[in-house]
Amino acid sequence: MPQFEYDLVIIGSGLAGYTLAREYRKLDKTGSLLLISRDDGVFYSKPMLSNALAGNKTPEQLVMKPVEKMREELAADIRVGTDITEIDPQAHRLVSSQGEVKYGKLVLGLGATPRQLPLQGGAADAVISVNDLTAYRTFRQQLEGKQQISVIGPGLVGCEFANDLLRSGHQVQVIGPDPYPLSLLLPEAVGQRMQEVLAEKGFEWYLERTVERIDRQDDGLHLMLSDGTELQSDFVLSAAGLVPNIELARAAGLKVNRGIAVDRQLATSAPDIYALGDCAEVAGMWLPYVMPIMNAARALAKTLAGEPTDLVYPPMPVVVKTPDFPLVISPPPKDAGNGHWQIDSDDSGLRALFVDSDEQVLGFILTEDKTREKQSLVKQLPNVLDS
Ligand SMILES: Cc1cc2nc3c(=O)[nH]c(=O)nc-3n(C[C@H](O)[C@H](O)[C@H](O)COP(=O)(O)OP(=O)(O)OC[C@H]3O[C@@H](n4cnc5c(N)ncnc54)[C@H](O)[C@@H]3O)c2cc1C
């Protein structure tokens, strides 16, 4: 009689949980595997949520595989609609809304939660955030018949949704405290160009201010901004950033920072517990994107299959899905403090290179037609996390 019911338990059926399960199964065909998820367990591509409208895709068309298919392919048990409420690292035990389970090894792929803004007014609860397929279904239902859309948050996800809405025939207002779009990722000159080009395409920007109140007015909504500006709107989408889901780990006594703290082998501070994806901070870096997850899943699968493996991050450019302003960002490493941006631009777009004192390129940003230079520039970059 084994001490635990499953060799490996993964919490989360997002890209992190499912990619890890798939990579693990390539290396270990027999270990017993359980995935637990509070959602419905369908496999879908989250990045497509912010370009499905203009692509005429319904939420159902974004489902890549139903949960039954995932069970079969992964030779795994998958429990859906099941909320994990407690982890007991000493006893290797999980408590869930559907009972308890004992694990040999545990992986947390818990994702992140949209940041809630402190909004006032009678319609503050009408604001919607989209970070999964279920919320996207609600978004699409509520969007029906609406024309003037307000997007709170001029970051990557907010700008992608705004561009998708614009291209599907809506009017968009983008509101946020930032001085220019994607201000956490772009130097000012690039952000300003993005702002100008998208304004020409129809974006209405309300930057350097926040939404304070949302009230119902006639058939629509009335927004009051921090500088006194008043806006009429039919629908408000909030994309004000993500907060990693760390509470479960914190309550279990695991080390947490911004995300659940893990080392190069994706190990948390507790024995036999690992984390990856949007919930995890890997070697001090929180990178909530697809490429870091794919790399982490491959390395962790090897470790779990018996070959301890340090994670290596190659250069991982992010293609921003704003088709009216093509943009690729390969951010410099967090500790590349003494470098600087070299920016040149012409009619075909803008190229920004982040170089250190030895003229080594550590990161880049390309816009418009210059995005074609992506592959050749990637070859010049060092690894983000090296062996
Ligand atoms: C609109 C949008 C567009 C994006 N576009 C891009 C892009 O173009 N390129 C790119 O690189 N990245 C993009 N990203 C980011 C990328 O999609 C995410 O980094 C990735 O999908 C996160 O996967 P995850 O598995 O870590 O988290 P999630 O997908 O959030 O999965 C978390 C899982 O944990 C489960 N869970 C959480 N808590 C519990 C609990 N207590 N009990 C049980 N289950 C629990 C949830 O049900 C869910 O199954 C985009 C993100 C968004 C929102």
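## Ligand shell

Ala, Val, Leu, Ile, Met, Phe, Trp, Tyr, Cys and Pro count as nonpolar, Asp, Glu, Lys and Arg as charged, and the others, Gly among them, as polar. By that scheme, the shell around the ligand holds 13 nonpolar, 10 polar and seven charged residues. The model is predicted.

The shell has 30 residues. Closest to the ligand are Ala16, Asp39, Asp278, Val290 and Lys321.

## Backbone contacts and cover

At Ala16, a backbone N or O atom sits 2.9 Å from a ligand oxygen atom. At Val290, a backbone N or O atom is 2.8 Å from an oxygen atom of the ligand. A polar backbone atom of Arg38 lies 3.1 Å from a ligand nitrogen atom. On its own, the ligand has 1,000 Å² of accessible area, and the protein covers 92% of that.

## Elements and domains

Helices α1 (15-27), α4 (156-167) and α7 (290-304) each give two or more residues to the shell. The most come from α4, with three residues.

Why does the ligand lie between domain 1 and domain 2? Both domain 1 (6-113 + 242-304) and domain 2 (116-238) give residues to the shell, so the ligand lies between them.

## Strands around β8

Strand β8 (residues 99-108) runs parallel to β1 (residues 6-11), joined by five bridges. Ile10 stands opposite Val107 of β8. Val107 also stands opposite Tyr274 in β19. The β8-β19 pairing is parallel, with three bridges.

β7 (residues 93-96) pairs with β8 in the antiparallel sense over four bridges. Leu94 has Val101 in β8 as its bridge partner. Two residues separate β7 from β8 in this hairpin.

Key: Residues numbered from 1 in each chain as written. Predicted model: local features only at pLDDT ≥ 70, side-chain atom pairs only at ≥ 80, totals over all residues. Heavy atoms only, no water. Near = heavy atom within 4 Å. Polar contact = N/O pair within 3.5 Å; in protein donor to acceptor, adjacent residues only side chain to side chain. Areas by Shrake-Rupley, 256 points an atom, 1.4 Å probe, with all protein chains shown as cover. Domains from an automatic or database assignment. Pairing = 2+ DSSP bridges.
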